[in-house]
Amino acid sequence: MDKTKMLSLNELPACPVETTLMLISDKWKVLILRDLMPGTKRFGELKKSIGSISQKVLTSQLRQMEGSGLVSRTVYPEVPPRVEYTLTELGYSLKPILDAMWKWGEDYKEQLKH
C-alpha cells in the first residue's frame, strides 16, 4: 500500500467509531465495498452493479477510497485504457462490518413483518 496517499493520524478523529464512519459513512462507499467484496471489477461493472450512481460521483468516491487505502486502482496500458478496482487488505478487513449490517438489515425487515 502506498502510504504517501493515505490519511495521516492527525487528520483522523480521536474516536475509533468516528474514524470508521468517516471512511465508510457515505451510502455509495458502502455499496462499492459490497460490490468489490467478491473480487475485482472494472469501472463500468461497478457503475452497473451499484445502479443509480453518476459517473462523477463514482469516480469521486473511488478516489477517496483509494486515498484512504481501502481500494486499489490498476490501469492497463491498452486502447481504450482498462481500469480495474480491487479492495486492499484493509478494505477486505471491513467484511465483518458489512456482514453485521446485512444481518441487522435482515433482522429489521423480519421485525416489521410481525
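Predicted model: local features only at pLDDT ≥ 70, side-chain atom pairs only at ≥ 80, totals over all residues.
Two packed helices are described by the angle between their axes and the distance between the axes. Here, helix α2 spans residues 27-36 and helix α3 spans residues 43-50. Their axes lie 10 Å apart. The packing angle is about 115 degrees. Helix α2 is therefore roughly perpendicular to α3. The crossing of the two helices is right-handed.

Both helices supply named residues to this contact. From α2 come Trp28, Leu31, Ile32, Arg34, Asp35 and Leu36. From α3 come Leu46, Ser49 and Ile50. By class, the contact comprises 6 nonpolar residues, 1 polar residue and 2 charged residues.

Aromatic side chains were examined next. The structure contains 1 aromatic pair. Its members are Trp104 and Tyr108, whose ring centres are 5.2 Å apart. The ring planes meet at 10 degrees. Planes under 30 degrees apart count as stacked, so the Trp104 and Tyr108 pair is stacked. Both residues belong to helix α6, which covers residues 95-112. Trp104 and Tyr108 are 4 residues apart in α6, about one turn of the helix.

Definitions and conventions. Residues numbered from 1 in each chain as written. Heavy atoms only, no water. Axes fitted to C-alpha atoms, helices over the stretch in contact; angles between N-to-C directions. Parallel < 35°, antiparallel > 145°, perpendicular 65-115°, else oblique. Left-handed = near helix turned anticlockwise from the far one by under 90°. Contact = heavy atoms within 4.5 Å. Nonpolar A, V, L, I, M, F, W, Y, C, P; charged D, E, K, R; others polar. Phe/Tyr/Trp six-rings, centres within 6.5 Å; stacked < 30°, edge-to-face > 60°.
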